Amino acid sequence: MSRRLLVTVFEDELDIVNATRTARENRYNIVDVYTPFAVHGLDEAMGLKPSKLGWVCFALGLAGAVAKLWFQIWTSSQSWPVNVGGKPLSSVPAFVPVTFEIMVLFAGVGTVITFFALRKLFPGKKPHIVYEGATNNRFILVLEQSDAAFDLRNVRTMFEPFNLVAMEERIDKEKK
Amino acid sequence: MSEYHNVKFEREQETIPHRGIDRRDFLKLSGFTFAGALLGGCQAPKVDKAIPFLVKPEEITPGLSTFYATTCGGCNASCGIITKNRDGRPIKIEGNPSHPISQGGLCAVGQAHLLGLYDSHRLKNPTMLGKETVWNDIDSAIKNTLKEIQTNNGAVRFLSNTISSPTQRNTIAKFLSGFSNAQHIEYDALSVSAILDAHEKTHGTRVLPHYRFDKTEVIVSVDADFLGTWISPVEFTKDYHKGKILNGNNSKFSFHAQIEANVSLTGSNADKRISISPNAYKNFLYDLTTTIEGGKSSIAEVNELARKLLSAKGKSLVVCGVNDIELQLLSNYINHLLSNYGNTIDIETPSKQYRGNDTELQKLISEITEGKISALFIYNGNPLFDIPEGNALKKHIEAIPLSISFSERSDETSSATTFICPEHHSLESWNENEVRAGIYSLSQPVLQPLRNTRSLIESLNAWMDTPKTAYDAIRDEWKNSVFTMQKKENDFQKFWDKCVHDGFAEVESGKNTVQEFSKQSLQNISRSSETTAMALILYPKISIREGKHAHNPWLQELPDPITKIVWDNYVSLSKKTAEHLSVKENDVVEITAQISNERRTLKLPTHIQQGMCDNVVAVALGYGRKGTERFTNIGPEWFEAKPTVNQGELVGKNAAVFLQFVNGSISYNLLQCSVSKTKEQYRLAATQEYHSLQMPEHLVPAGSERRPIIQETTFGAYIQDNSAGSFSKHEYESIWPEEHQYNNHHWGMAIDLTKCTGCSGCVIGCQSENNIPCVGKDEIARNREMTWIRIDRYFQEEENTFSVAFQPMMCHHCNNAPCETVCPVLATVHNEEGLNQQIYNRCVGTRYCSNNCPYKVRRFNWFDYEHGDEMQKLVLNPDVVVRERGVMEKCSFCIQRIQEAKIIAKSNGVALKDGDIQPACQQSCPANAIVFGDMNDKNSELSKRMNDKRYYKVLEEVGTRPAVGYMTLVRNSDEVNNV
Amino acid sequence: MLLKSPITTVFLVVGLLLSILIFYNSYSVNYRIPGNNEGYEPVQPIAYSHRLHAGELGIPCLSCHFGAEKSRNAGVPSASVCMNCHKFVTALFANVRAEDELAEKEKRKPQRIISSELKKIYSSLALNDELLPNPSLKQTPIEWKKVYNVPDFVYFDHRPHVNAGVQCQTCHGAVETMERIRQVGNLSMGWCVNCHRDVNKNGVNNKKVYASTDCTTCHY
Amino acid sequence: MSEVYSILREPLIGGNKTYNDVTNDVCSPLERKPTIAWWFAFTISFTMLIAGVISVTYLLTTGIGTWGLNNTIGWAFDITNFVFWIGIGHAGTLISAILFLFRQKWRTSVNRSAEAMTIFAVICAGIFPIIHMGRPWLAFFVIPYPNERGPLWVNFRSPLVWDMFAISTYFTISFVFWYVGLIPDLATIRDRAQSHFKRKIFGFLSFGWNGSNRTWSHYEKIYLLLAGLATPLVVSVHTIVSWDFATSVIPGWHTTIFPPYFVAGAVFSGFAMVLTLMLIVRKVLRFEEYITLHHVESMCKIIIATGGIVSMAYGTEYFIALYSGNEYEKFTFINRALGPYSWSYWIMVSCNVISPQLFWFRKIRRNVALVFLISIFINIGMWFERFVIITTSLTRDYLPASWDSYSPTSIEIATLVGSFGLFLTLFLLFARFLPMIAIGEVKGVLSYGRKNNGEHL
């Protein structure tokens, strides 16, 4: 199915934040906002829920730590117990450093990979640039013309105070 | 056990431990990528040959060692040795415990002369006028010339070192009897001729007494290094310690005073060391004599010694190492006054180890120089190198019509002679030595001659046209004389077999007839006027001695026990003298002396030696030997490496130029010389850089001026309290639970510092047992010596006292080994018998273990070290892997011996006995200082020592809990002068 | 990004690769860790058949490889050992009998039959066909190809194994069925160690034994 | 919501830049031909690198003997360099992670290159533990991989194994952190790239980034998480490095205060190195408006702080040693100050304790030339700190008989030079091909200290 989209372009971070907020307050259906850098307050303006990646990170870290600690104890006291400098076979205090490192490794790398997967980012992916300068100095708000009531004029007047730079309609072919 | 077997060592490729060169080289080449390592891992099957005997000799089983008792050819002392043969070739020499002379001990030289057997520079064939030839040709040539000489009654002289083999003596006598004007002259490079001469005068018999150090309570030695190089060091060391027994209340501990100028091994072990110049030796003895006769000396020390000596009449001993008849007469007289003859000095069954006669030698030299000689035979000696004016004789000897050397290599002398008829190496030939009256030590060949050589007996017999093998000759000799001197055995074959098996025979020899002591020879000895001139001492080093073994890299690289310097001889002088001459260590100085109105000079680097007498310089003999130029590139080769010997130069310089005859005997002390500084510098390489347990003054933290490494006390204090001198005990508390028990065996070691003389026999023993390479002078200078056992030597010099302590240091096999915890790859871990294992093939070489070792006993393979040429590689011990570059190594307590002993015990279904396992260092220790054993065995020799009050552990406070311990060093001196 | 490819990641990656490789390859023959010549079956200078001697004739291993009992090396028997029997046995019995029958027919003295392989032994000992010393020949040792070849840094000792009652076949496989000796087992450290562990648990043919797994049991 | 800023603060970025200016300024060095200065620098550093490569090859083919080490001193230049480089790395992580957590806005213009520096430093550091091995071709033995030896594992009690894990983790995390930060900028470059080829490459590298805020919100999260992870990591890494020594029994190594002491030292030296590089960069690439004196000053302040900690540590160490009553400890420290290697000790003290004190003066903090000079001094000083700890402690430990001295061979010196060569070469290539400044983040703080309409307060 295809959608009719309205691309509105701004040139300052405060404008885009306010524009987005107003759009949402006026019950417009916000598809996405494209900015050259992370604009603070935009999530809240768009009404995005805080990312859950924190939990992923925690879980992975824990898994890594446990696995590594077990591995160290197993290798040095089960698999082949050796008397090293008269120390006990499983001298746990000595195993802490490596456990910690592996925890960090798993948590860090794991989370990043999850993030890429989540946002379907991967090397060589074809970028989908909504509007020239989206990665330079343009702030783009994309609205969906969901119902017949949608009226471009209203939108323009609504965005006037936020010095709107450009506005154009598009038919979005791609499957959502 | 057989007497002779015929083996080609080449047959045994399969058991020579060649390293998997191909694989490892490939590894190195294949870059250092892990892919490379991976590839290196995969390899096509390596085709390796297994070549069995065609006809297997009865007693040889590949992989099994056979042992043969024979006699050491290292020096005249003729100690009893046992060679360990593997696949037909000797790989280790050890002391023969049942031998009456050496009693199981063996010195560094004795153990090292094994390497000489595989010396590729030994002559391959007899040579005539410098060209190699075959025996028949050379024999006929010689016989013809001999005929001429016989016809025109030419003078025939046979010059040799002391020959203590009756068979050889008789053969020579028989041979010479064929000539109208013939004589056999014996001399010794390290001559004690004056002792024999003196006894001829005082007792009417020219013999070398048998000194009984085991019976003495007071020993006064004037410059006699009897624990190091004098006459029979191993025997004397064994006996010496029979007089020093520390056993709680029933201890006995002899008093030993050493009067010397240079610091000798004996001096450093003395209870009291009096340092005086050789100029004063004579007066010292003279004063001692008068004091003992009842007079009084101006010197307190002399009176003190006299008192001590008189208090021990018949149990005292005065020995003098100065080869001067007057001094010897004096010491004989003192011994006579103390009625030591018959008690501590035995001249009725005298020693036969030295009988050189310097007077005759002097006569011969003049004969040679006057060109009176028409035939000269030189056997087992290198006169052109080691006698006074030696090098001057060269042209005269070349002029002699028939000159024959029996030297086994082309040396200074043999290169001057017309013919060289090379003698076997002592391990290749049948021989015997009458070491002492009634004690015959037998030598049997332990492998077939490697070269086309021939024993003296066979040569002489060949020239007499009475061909006879050495074996037959000796066997007959024994049948007719030795056998008849004993009662026990009446079947000769049995007797012979037993002797060959034991390596010696003890028989009843007739007592040597001795006259009453005659004093008249002493009449014209008087006190000489004191001089303060600079004196020069020519002394033999433990390792190189007179230079006979100068071609032996093991000995060249053996650190001198006192100076710790390797690969060179040098001028030792005291701090004061150095300041006076304004020279520093390594400055080259020139010694000048007037000898027989001719100016002699020698340039050598300086070594400043604490404890030396001022105004005295000491230089070691035996250096500058022909053939040592080969050591130029003995070390590893890389672009910053410096050669061990500069191209074309020799190792050290020959100090024999300063030798001269004084009252008919070779004098090693030159009482008048001058020393001057030169511009040159020459780097000496030593294995120890800091020489004291005292911390440097400007760095010393209050209250810890001395490192608590060596426990030391006096005999007096010991008797009061057996734990005298102990450091405060450290209570060890572990934060870990005691998880590791050593229930079966727990190996350990105890080293008695009172016994250890620092002779360094253990160092060579270890080197030969564990395939330790020679690394060359430059590596030593960089402090990269590879020896697993080193002997730490500490000095303590105060205004009037000077003392030395030796401490053998090897891996301590700590229960809580710091090296193990830090090794990332488990290449060094503990085994269930408490050993600290080092696994070479796992080691990646981080050197972390070595850094973390408080004893610094780990050795790293900085390069791929050469193990000598193909020939010398035959000495390698097949039971120990040759370590590759980049791996750490260290003392393993001779794990290969432990494993062997355990396997054998297991196969025989018996338990290991204490003493079954002896590491190489313990086996030959002439002082029994080292004891290895099982700490779990409560009755083991080790446990006994561990329960001794003197037992302590070094650096206990670090908490490493070592398995090696030491025993307090006790001296019979009045006050402790802690090293 | 290759340009910045860091030592450390290569380190890890290759470590991983390595483990995979070794894991995978420990089951394949063509990959070899040092000393692993599993399946190595070289042609020997003399086509000596263990199947015939040990199998058919049932000669016990130790009667030729007597070293195994008292020395670390089992030892390749010397030619003189062969001669103990082959002084008399010079060829397959069948061939000898054939010759005898032929001689019977042709009414002549049967002549001595010598198998080509045994000839090699005789000539190496410089013996002629009558097995008498042949001065024209000179003794030349037989150069067998070594099959079991443990790395230089491993000290294997036959004594404790044989004396503990370990069957030769445990390590050398069913030799009595082999025409030519083939290496059985890869001589890897795990191969040794796991057997040591196993006998400590189960003993050698129900006899309790103790086989140490200390490093210095084999490495010194 | 929108920025909270004080009108008293001067803006972080000078010269009223617009978003577009920022993009242009940062990207232009990548688009114009390399300058003479760049080529000059590159040739020098590359020659140094070659020298290093040659010496290392010689080392690997000949043996560790080509270094000046001996039986007593098993580590000297090798591990000194290792610790030195690891230390350098730490500043990068600190700037990017810790300052991020502390919301230090000024970090934005330096963090990118600081992180790059970290990565290159860790590469340099990582080389030494490998080449210092006697048999580096078996270095994989320290990895616990399943093997045919029984299997035989590694010794997890050994600090060297900890190092192996710490360094590899540290490298991976720093790299990921750096790269994640790089992605939006790569996208920016991609979108303004002229050549098709360049577009392709950056297109590949930028993971199809399009600036969607749904991505941004997750992105912000993981950035925070990574920062949160990197912070303890960076502390742990140098702690573990210090344990190489602290867990040993050698007087002068066996010291409990090492971890904090080493971490502080690491940050100290790291910032010195950042300054050294940044001052060059801002001159050569004309980044004065981005790396302002304000940045320089704040880094100087951090240097005073960490320098203070380090000096404190020196003092404490000495006091503890003398107070401990352990004669070996006592001796070691007296020996450091007065023994044969006292010169290295005093170089260390004068460079690390005295020279940073100058930063108390604002004038000096804002004098670029002086700051540069002092930063160099600190680098030298910190190298010597490691040398003093590692080598001079080894030269005289327990048994006087095994005391010995050490002097480096030409090979060792060449290797040290080579490691600098590698570091600089990598850094120059980075400066050539990637944005030196985090465009996205700088834009984020552009408004900092300005009115909304852009012009200056």
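How many nonpolar, polar and charged residues does the lining of the second largest cavity have? In this predicted model, local features need pLDDT of at least 70 and side-chain atom pairs pLDDT 80 or more, while totals for chains, interfaces and linings use all residues. Residues are numbered from 1 along each chain as written, chains are lettered from A in the order written, and side-chain values use heavy atoms, with hydrogens and water left out.

To take the question up directly, the lining of the second largest cavity has 19 nonpolar, 11 polar and 5 charged residues (Ala, Val, Leu, Ile, Met, Phe, Trp, Tyr, Cys and Pro count as nonpolar, Asp, Glu, Lys and Arg as charged, and the others, Gly among them, as polar). A cavity here is a set of points on a 1 Å grid over the protein atoms alone where a 1.4 Å probe fits but cannot get out, with lining residues having an atom within 4 Å of a point. The second largest cavity comes to about 510 Å³, a volume being the space filled by probe spheres set on points joined across faces, edges and corners. Its lining takes in 35 residues, with D225(B), T229(B), L538(B), Y539(B) and P540(B) nearest the centre. Two or more lining residues come from each of β13 (255-260) and β23 (535-539) of chain B, and β23(B) gives the largest share, 3 residues. Strands are DSSP E runs of at least two residues and helices H or I runs of at least four, numbered from the N terminus.

As for the largest cavity, it holds about 920 Å³ of space. Among its 46 lining residues, G73(B), N161(B), N380(B), G381(B) and K548(B) sit closest to the centre. By class, this lining has 9 nonpolar, 26 polar and 11 charged residues.

How values were computed
On a 1 Å grid over the protein atoms alone, a cavity is a set of points where a 1.4 Å probe fits but cannot get out, and a pocket is an open set with protein on both sides within 12 Å along at least five of seven lines; lining residues have an atom within 4 Å of a point.
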